Amino acid sequence: MTDKINFNYLESYAQKVSESVCDEYFRSRKYMTGQEIIQLTPSQQVNLMTIRSLFNAWQEEMEELKKSPYFDYRDIAVDNALKEFMNVLSRSIKVERRYFEPLLKEAVEDTIILAIDPFMFFNILIDKGQENEQYYKDSKKYIKWHHELLTHLMDKASMGLTVPDLKMALRNKYQAIHRDLDNPEILLKPLNQIQHLELIQLFEDKSHNPTPEKPEPKPEPKPEPLQKEQVTVEAKPVAVKEPEINEEQSTNPEPQQPKMPVSGESEKEIDPALTWAKFESETYSYMKGSIDTLTDGLALNQKFMFTRELFQGNHDLMKHALKSIDNCDSFMEAVELLNKRYVHELNWNKHSEEVNEFLQLVFRKFESK
(Lines give C-alpha, C1' and ligand atoms only; values in the text may rest on other atoms or scores of the structure.)
Protein backbone atom coordinates (compact mmCIF):
# COMPACT_ATOMS: atom_id res chain seq x y z
CA MET A 1 0.00 0.00 0.00
CA THR A 2 1.33 3.44 -0.87
CA ASP A 3 -1.30 5.46 1.02
CA LYS A 4 -0.54 6.64 4.53
CA ILE A 5 -2.41 4.83 7.26
CA ASN A 6 -5.02 6.84 9.14
CA PHE A 7 -3.85 6.00 12.65
CA ASN A 8 -6.72 7.92 14.23
CA TYR A 9 -9.24 5.57 12.67
CA LEU A 10 -7.01 2.52 13.27
CA GLU A 11 -6.67 3.25 16.99
CA SER A 12 -10.36 4.06 17.39
CA TYR A 13 -11.40 0.88 15.61
CA ALA A 14 -9.00 -1.30 17.60
CA GLN A 15 -10.30 0.22 20.84
CA LYS A 16 -13.91 -0.55 19.92
CA VAL A 17 -13.04 -4.15 19.01
CA SER A 18 -11.10 -4.75 22.22
CA GLU A 19 -13.85 -3.22 24.35
CA SER A 20 -16.54 -5.24 22.63
CA VAL A 21 -14.66 -8.54 23.00
CA CYS A 22 -13.74 -7.85 26.62
CA ASP A 23 -17.27 -6.76 27.52
CA GLU A 24 -18.54 -10.10 26.26
CA TYR A 25 -15.84 -12.27 27.81
CA PHE A 26 -15.36 -10.63 31.20
CA ARG A 27 -19.08 -10.29 31.81
CA SER A 28 -19.02 -13.70 33.50
CA ARG A 29 -15.28 -14.30 34.07
CA LYS A 30 -12.54 -12.52 35.97
CA TYR A 31 -9.47 -13.88 34.20
CA MET A 32 -8.41 -14.65 30.63
CA THR A 33 -6.56 -17.93 30.08
CA GLY A 34 -4.20 -18.96 27.30
CA GLN A 35 -6.48 -21.64 25.91
CA GLU A 36 -9.34 -19.18 25.60
CA ILE A 37 -7.18 -16.61 23.80
CA ILE A 38 -6.64 -19.05 20.94
CA GLN A 39 -10.38 -19.05 20.20
CA LEU A 40 -11.23 -15.58 21.51
CA THR A 41 -12.13 -13.76 18.27
CA PRO A 42 -13.21 -14.84 14.76
CA SER A 43 -9.78 -13.72 13.52
CA GLN A 44 -7.12 -16.34 14.16
CA GLN A 45 -4.43 -13.78 13.39
CA VAL A 46 -5.69 -11.44 16.11
CA ASN A 47 -5.69 -14.30 18.59
CA LEU A 48 -2.12 -15.24 17.69
CA MET A 49 -0.98 -11.62 17.85
CA THR A 50 -2.37 -11.42 21.38
CA ILE A 51 -0.38 -14.46 22.43
CA ARG A 52 2.65 -12.90 20.72
CA SER A 53 2.26 -9.84 22.94
CA LEU A 54 2.33 -12.08 26.00
CA PHE A 55 5.38 -13.87 24.63
CA ASN A 56 7.17 -10.55 24.07
CA ALA A 57 6.34 -9.48 27.62
CA TRP A 58 7.86 -12.72 28.86
CA GLN A 59 11.00 -12.19 26.77
CA GLU A 60 11.45 -8.68 28.16
CA GLU A 61 11.15 -9.97 31.72
CA MET A 62 13.70 -12.68 31.00
CA GLU A 63 16.16 -10.19 29.54
CA GLU A 64 15.90 -8.15 32.72
CA LEU A 65 16.41 -11.29 34.79
CA LYS A 66 19.52 -12.26 32.82
CA LYS A 67 21.15 -8.96 33.73
CA SER A 68 21.67 -10.29 37.25
CA PRO A 69 25.41 -10.57 38.00
CA TYR A 70 24.95 -13.52 40.35
CA PHE A 71 24.00 -16.36 38.00
CA ASP A 72 25.26 -17.85 34.76
CA TYR A 73 22.28 -17.86 32.42
CA ARG A 74 24.45 -19.21 29.60
CA ASP A 75 24.77 -22.53 31.39
CA ILE A 76 23.04 -25.30 29.40
CA ALA A 77 21.20 -26.64 32.44
CA VAL A 78 19.92 -23.19 33.33
CA ASP A 79 18.84 -22.55 29.74
CA ASN A 80 16.92 -25.85 29.60
CA ALA A 81 15.29 -25.11 32.94
CA LEU A 82 14.17 -21.70 31.71
CA LYS A 83 12.62 -23.25 28.62
CA GLU A 84 10.72 -25.74 30.76
CA PHE A 85 9.68 -22.93 33.06
CA MET A 86 8.31 -21.02 30.08
CA ASN A 87 6.34 -24.05 28.93
CA VAL A 88 4.76 -24.31 32.38
CA LEU A 89 3.92 -20.60 32.38
CA SER A 90 2.38 -20.80 28.91
CA ARG A 91 -0.10 -23.31 30.30
CA SER A 92 -0.85 -21.07 33.26
CA ILE A 93 -1.80 -17.75 31.64
CA LYS A 94 -4.16 -15.80 33.87
CA VAL A 95 -4.80 -12.13 32.97
CA GLU A 96 -7.28 -9.62 34.38
CA ARG A 97 -9.22 -7.38 31.99
CA ARG A 98 -7.28 -4.19 32.82
CA TYR A 99 -4.06 -5.88 31.70
CA PHE A 100 -5.54 -7.90 28.87
CA GLU A 101 -7.54 -5.23 27.01
CA PRO A 102 -4.46 -3.16 25.99
CA LEU A 103 -2.81 -6.35 24.69
CA LEU A 104 -5.86 -7.15 22.58
CA LYS A 105 -6.06 -3.60 21.24
CA GLU A 106 -2.41 -3.77 20.20
CA ALA A 107 -3.01 -7.16 18.57
CA VAL A 108 -5.88 -5.75 16.49
CA GLU A 109 -3.70 -2.82 15.36
CA ASP A 110 -0.84 -5.16 14.44
CA THR A 111 -3.18 -7.43 12.53
CA ILE A 112 -4.65 -4.61 10.47
CA ILE A 113 -1.23 -3.17 9.64
CA LEU A 114 0.01 -6.63 8.65
CA ALA A 115 -2.96 -6.97 6.29
CA ILE A 116 -2.98 -3.55 4.63
CA ASP A 117 0.71 -2.60 4.79
CA PRO A 118 2.94 -5.66 5.28
CA PHE A 119 5.97 -3.62 4.26
CA MET A 120 5.49 -1.32 7.28
CA PHE A 121 4.75 -4.24 9.58
CA PHE A 122 7.91 -6.16 8.71
CA ASN A 123 10.00 -2.98 8.88
CA ILE A 124 8.85 -2.58 12.47
CA LEU A 125 9.63 -6.25 13.02
CA ILE A 126 13.19 -5.66 11.82
CA ASP A 127 13.56 -2.68 14.17
CA LYS A 128 12.63 -5.00 17.02
CA GLY A 129 14.45 -8.15 15.93
CA GLN A 130 17.59 -6.49 14.55
CA GLU A 131 20.00 -9.21 13.32
CA ASN A 132 18.61 -11.85 15.71
CA GLU A 133 17.73 -14.83 13.50
CA GLN A 134 15.91 -16.58 16.35
CA TYR A 135 13.55 -13.62 16.76
CA TYR A 136 12.24 -14.09 13.23
CA LYS A 137 11.89 -17.84 13.74
CA ASP A 138 9.88 -17.25 16.92
CA SER A 139 7.71 -14.68 15.12
CA LYS A 140 6.73 -17.28 12.54
CA LYS A 141 4.65 -19.06 15.19
CA TYR A 142 2.36 -16.07 15.48
CA ILE A 143 2.32 -14.52 11.99
CA LYS A 144 0.20 -16.52 9.57
CA TRP A 145 -0.03 -14.02 6.70
CA HIS A 146 2.57 -13.11 4.06
CA HIS A 147 4.84 -16.00 4.96
CA GLU A 148 6.97 -15.39 1.90
CA LEU A 149 8.16 -12.06 3.27
CA LEU A 150 8.86 -13.46 6.74
CA THR A 151 10.69 -16.51 5.37
CA HIS A 152 12.80 -14.18 3.23
CA LEU A 153 13.76 -12.21 6.35
CA MET A 154 14.64 -15.41 8.21
CA ASP A 155 16.91 -16.52 5.37
CA LYS A 156 18.65 -13.15 5.16
CA ALA A 157 19.06 -12.92 8.94
CA SER A 158 20.69 -16.37 8.93
CA MET A 159 23.28 -14.95 6.51
CA GLY A 160 24.28 -12.32 9.08
CA LEU A 161 22.89 -9.29 7.24
CA THR A 162 22.82 -5.96 9.07
CA VAL A 163 19.57 -4.12 9.79
CA PRO A 164 19.92 -1.76 6.78
CA ASP A 165 20.65 -4.76 4.53
CA LEU A 166 17.66 -6.63 5.94
CA LYS A 167 15.42 -3.66 5.18
CA MET A 168 16.79 -3.41 1.66
CA ALA A 169 16.19 -7.14 1.15
CA LEU A 170 12.64 -6.72 2.44
CA ARG A 171 12.02 -3.78 0.09
CA ASN A 172 13.26 -5.73 -2.93
CA LYS A 173 11.20 -8.79 -2.05
CA TYR A 174 8.09 -6.73 -1.39
CA GLN A 175 8.37 -4.89 -4.69
CA ALA A 176 8.71 -8.22 -6.49
CA ILE A 177 5.66 -9.92 -4.94
CA HIS A 178 3.35 -7.18 -3.59
CA ARG A 179 0.85 -7.60 -6.43
CA ASP A 180 0.43 -11.27 -5.49
CA LEU A 181 -0.13 -10.75 -1.76
CA ASP A 182 -3.47 -11.72 -0.24
CA ASN A 183 -6.30 -9.20 -0.50
CA PRO A 184 -6.49 -7.28 2.82
CA GLU A 185 -10.27 -7.07 2.57
CA ILE A 186 -10.45 -10.88 2.63
CA LEU A 187 -7.87 -11.18 5.41
CA LEU A 188 -9.73 -8.73 7.65
CA LYS A 189 -13.24 -9.95 6.89
CA PRO A 190 -13.58 -11.93 10.18
CA LEU A 191 -13.19 -8.68 12.15
CA ASN A 192 -16.44 -7.43 10.64
CA GLN A 193 -18.24 -9.96 12.82
CA ILE A 194 -17.14 -7.90 15.83
CA GLN A 195 -17.11 -4.34 14.46
CA HIS A 196 -17.60 -3.18 10.88
CA LEU A 197 -14.28 -2.11 9.37
CA GLU A 198 -14.24 0.72 6.80
CA LEU A 199 -11.12 0.02 4.75
CA ILE A 200 -11.40 3.34 2.93
CA GLN A 201 -11.12 5.23 6.22
CA LEU A 202 -7.85 3.47 7.00
CA PHE A 203 -5.96 5.75 4.65
CA GLU A 204 -5.21 9.38 5.45
CA ASP A 205 -5.19 10.66 1.89
CA LYS A 206 -8.88 9.81 1.57
CA SER A 207 -9.79 12.11 4.44
CA HIS A 208 -6.91 14.42 5.37
CA ASN A 209 -4.74 15.17 2.35
CA PRO A 210 -7.30 16.96 0.13
CA THR A 211 -7.74 19.84 2.56
CA PRO A 212 -4.13 21.04 2.88
CA GLU A 213 -3.54 20.73 -0.85
CA LYS A 214 -6.35 23.12 -1.84
CA PRO A 215 -4.73 26.34 -0.57
CA GLU A 216 -1.56 25.65 -2.59
CA PRO A 217 -3.02 26.56 -6.03
CA LYS A 218 -3.77 30.11 -4.76
CA PRO A 219 -0.39 31.51 -5.84
CA GLU A 220 -1.20 30.51 -9.45
CA PRO A 221 -3.17 33.73 -10.28
CA LYS A 222 -0.04 35.79 -9.53
CA PRO A 223 1.70 34.98 -12.84
CA GLU A 224 -1.35 36.30 -14.76
CA PRO A 225 -0.62 40.03 -14.24
CA LEU A 226 2.98 39.32 -15.28
CA GLN A 227 1.74 37.90 -18.55
CA LYS A 228 -0.47 40.95 -19.07
CA GLU A 229 2.52 43.21 -18.51
CA GLN A 230 4.46 41.29 -21.11
CA VAL A 231 1.61 41.59 -23.60
CA THR A 232 1.06 45.32 -22.97
CA VAL A 233 4.66 46.39 -22.72
CA GLU A 234 3.94 49.59 -24.62
CA ALA A 235 1.61 50.89 -21.92
CA LYS A 236 3.46 50.06 -18.73
CA PRO A 237 0.88 50.27 -15.96
CA VAL A 238 3.03 52.07 -13.41
CA ALA A 239 -0.02 53.04 -11.40
CA VAL A 240 -0.91 49.43 -10.92
CA LYS A 241 2.53 48.56 -9.59
CA GLU A 242 2.57 51.26 -6.93
CA PRO A 243 0.10 49.66 -4.53
CA GLU A 244 1.86 46.26 -4.81
CA ILE A 245 3.63 44.95 -1.73
CA ASN A 246 6.98 44.66 -3.50
CA GLU A 247 7.22 48.42 -4.15
CA GLU A 248 6.10 49.29 -0.64
CA GLN A 249 8.89 47.14 0.71
CA SER A 250 11.42 48.77 -1.61
CA THR A 251 10.39 52.37 -0.74
CA ASN A 252 9.68 51.95 2.96
CA PRO A 253 12.73 51.18 5.13
CA GLU A 254 10.88 48.38 6.93
CA PRO A 255 12.26 45.19 5.40
CA GLN A 256 12.43 43.64 8.85
CA GLN A 257 8.66 43.10 9.04
CA PRO A 258 8.96 39.52 7.79
CA LYS A 259 10.93 38.79 10.96
CA MET A 260 7.79 39.24 13.02
CA PRO A 261 6.75 35.57 12.73
CA VAL A 262 10.15 34.56 14.09
CA SER A 263 9.24 35.84 17.53
CA GLY A 264 6.08 33.81 17.34
CA GLU A 265 8.05 30.79 16.26
CA SER A 266 10.44 31.23 19.16
CA GLU A 267 7.49 30.85 21.50
CA LYS A 268 6.87 27.44 19.96
CA GLU A 269 10.44 26.32 20.53
CA ILE A 270 11.26 23.86 23.28
CA ASP A 271 13.58 25.27 25.94
CA PRO A 272 16.22 22.54 26.50
CA ALA A 273 17.35 23.86 29.90
CA LEU A 274 13.83 24.13 31.33
CA THR A 275 12.89 20.75 29.93
CA TRP A 276 15.97 19.10 31.43
CA ALA A 277 15.26 20.71 34.80
CA LYS A 278 11.67 19.50 34.70
CA PHE A 279 12.65 15.89 34.03
CA GLU A 280 15.38 16.06 36.65
CA SER A 281 12.83 16.93 39.31
CA GLU A 282 11.45 14.32 41.65
CA THR A 283 8.08 14.56 39.94
CA TYR A 284 9.51 12.71 36.95
CA SER A 285 11.69 10.24 38.82
CA TYR A 286 9.30 7.40 37.91
CA MET A 287 10.46 7.36 34.32
CA LYS A 288 14.19 7.30 34.96
CA GLY A 289 16.24 4.55 33.41
CA SER A 290 18.65 5.17 30.57
CA ILE A 291 18.30 3.65 27.12
CA ASP A 292 20.96 3.00 24.47
CA THR A 293 18.96 4.06 21.42
CA LEU A 294 15.58 5.72 21.03
CA THR A 295 14.32 2.91 18.81
CA ASP A 296 15.08 0.33 21.51
CA GLY A 297 13.34 2.43 24.13
CA LEU A 298 10.21 2.92 22.04
CA ALA A 299 7.15 0.78 22.77
CA LEU A 300 4.97 -0.25 19.83
CA ASN A 301 2.08 1.93 20.98
CA GLN A 302 4.50 4.87 21.18
CA LYS A 303 5.62 4.22 17.61
CA PHE A 304 2.02 4.50 16.47
CA MET A 305 1.33 7.57 18.60
CA PHE A 306 4.49 9.49 17.66
CA THR A 307 4.14 8.59 13.98
CA ARG A 308 0.54 9.77 13.95
CA GLU A 309 0.69 12.83 16.21
CA LEU A 310 4.20 14.20 15.65
CA PHE A 311 5.37 13.00 12.24
CA GLN A 312 2.19 13.29 10.14
CA GLY A 313 1.82 9.53 9.77
CA ASN A 314 5.24 9.22 8.09
CA HIS A 315 7.00 6.28 9.76
CA ASP A 316 10.23 6.80 7.79
CA LEU A 317 10.38 10.44 8.89
CA MET A 318 10.10 9.39 12.53
CA LYS A 319 12.83 6.75 12.13
CA HIS A 320 15.13 9.34 10.58
CA ALA A 321 14.44 11.69 13.50
CA LEU A 322 15.24 8.97 16.06
CA LYS A 323 18.53 8.12 14.33
CA SER A 324 19.49 11.81 14.13
CA ILE A 325 18.84 12.27 17.85
CA ASP A 326 20.84 9.14 18.66
CA ASN A 327 23.80 10.75 16.89
CA CYS A 328 23.62 13.85 19.09
CA ASP A 329 26.13 14.30 21.92
CA SER A 330 23.82 15.88 24.48
CA PHE A 331 20.22 16.57 25.41
CA MET A 332 20.69 20.24 24.56
CA GLU A 333 21.92 19.39 21.07
CA ALA A 334 19.05 16.94 20.57
CA VAL A 335 16.39 19.51 21.54
CA GLU A 336 17.95 22.15 19.30
CA LEU A 337 17.78 19.63 16.45
CA LEU A 338 14.10 19.06 17.17
CA ASN A 339 13.45 22.81 17.19
CA LYS A 340 15.28 23.29 13.90
CA ARG A 341 13.86 20.35 11.92
CA TYR A 342 10.52 19.34 13.39
CA VAL A 343 8.92 21.69 15.92
CA HIS A 344 8.28 24.47 13.37
CA GLU A 345 8.07 22.40 10.22
CA LEU A 346 5.51 19.96 11.64
CA ASN A 347 3.78 22.53 13.90
CA TRP A 348 4.35 20.70 17.18
CA ASN A 349 2.54 21.87 20.29
CA LYS A 350 5.30 21.80 22.90
CA HIS A 351 2.71 21.57 25.69
CA SER A 352 1.00 18.46 24.27
CA GLU A 353 1.21 15.09 26.00
CA GLU A 354 2.75 13.51 22.88
CA VAL A 355 5.62 16.02 22.75
CA ASN A 356 6.14 15.67 26.50
CA GLU A 357 6.33 11.87 26.26
CA PHE A 358 8.70 12.10 23.30
CA LEU A 359 10.97 14.46 25.23
CA GLN A 360 10.94 12.08 28.20
CA LEU A 361 12.31 9.42 25.89
CA VAL A 362 15.05 11.78 24.68
CA PHE A 363 15.86 12.68 28.29
CA ARG A 364 16.33 9.02 29.19
CA LYS A 365 18.73 8.72 26.27
CA PHE A 366 21.00 11.46 27.62
CA GLU A 367 20.35 11.61 31.37
CA SER A 368 23.54 9.69 32.24
CA LYS A 369 25.75 11.79 29.96
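Select Glu309 and Arg308: the two form a salt bridge, and their closest N and O atoms are 2.7 Å apart. The model on screen is a predicted one. Colour the pair by accessibility. Glu309 has a relative accessible area of 37% and is partly exposed, whereas Arg308, at 13%, counts as buried because the cut-off for buried is under 20%.

Before moving on, show the whole protein. The chain has 369 residues, of which 40% count as buried. Its secondary structure consists of 20 helices and two strands. Among contacts with a separation of 6 or more, 76% are between residues 24 or more positions apart.

**More salt bridges**

Side chains of opposite charge can pair when their charged atoms come close. How many salt bridges does a search of the whole structure find? The search gives 17.

For one of them, select Asp23 and Arg97, whose closest N and O atoms are 2.8 Å apart. Are the two partners buried, exposed or partly exposed? Asp23 is partly exposed, at 37% relative accessibility, and Arg97 is partly exposed with a relative accessible area of 26%.

Next select Glu148 and Lys173. Their side chains meet in a salt bridge, at 3.2 Å from N to O. Glu148 counts as partly exposed, at 46% relative accessibility. Lys173 counts as partly exposed as well, at 21%.

Show helix α3 (residues 44-65) with helix α4 (residues 76-90): their axes come within 12 Å and cross at roughly 145°. The crossing of α3 past α4 is right-handed. Which residues make the contact? On α3, select Phe55, Trp58 and Met62; on α4, select Leu82, Phe85, Met86 and Leu89. Sorted by class, this contact has seven nonpolar residues, no polar ones and no charged ones.

**The nonpolar cores**

Turn to the largest nonpolar core, which has 61 residues. Select Phe100, Ile112, Phe122 and Tyr136, the members that touch the most other members. Several elements give two or more residues to this core: α1, α3, α5, α6 (118-129), α7 (133-139), α8 and α9.

Keep Tyr136 selected and display what surrounds this residue. Leaving aside neighbours within four places in sequence, Tyr136 is in contact with Leu125, Ile126, Gly129, Gln130, Leu150, Leu153, Met154, Ala157 and Leu166.

For the last stop, select Leu294, Phe306, Leu322 and Val343. These residues are included in a second, separate core of 30 residues.

Conventions: Residues numbered from 1 in each chain as written. Predicted model: local features only at pLDDT ≥ 70, side-chain atom pairs only at ≥ 80, totals over all residues. Heavy atoms only, no water. Salt bridge = Lys/Arg side-chain N within 4 Å of Asp/Glu carboxyl O. Buried < 20%, exposed > 50% of the residue type's maximum accessible area, 1.4 Å probe, protein only. Axes fitted to C-alpha atoms, helices over the stretch in contact; angles between N-to-C directions. Helix = DSSP H or I, 4+ residues; strand = E, 2+ residues; numbered from the N terminus. Left-handed = near helix turned anticlockwise from the far one by under 90°. Contact = heavy atoms within 4.5 Å. Nonpolar A, V, L, I, M, F, W, Y, C, P; charged D, E, K, R; others polar. Core = buried A, V, L, I, M, F, W, Y, C linked by side-chain atoms within 4.5 Å.
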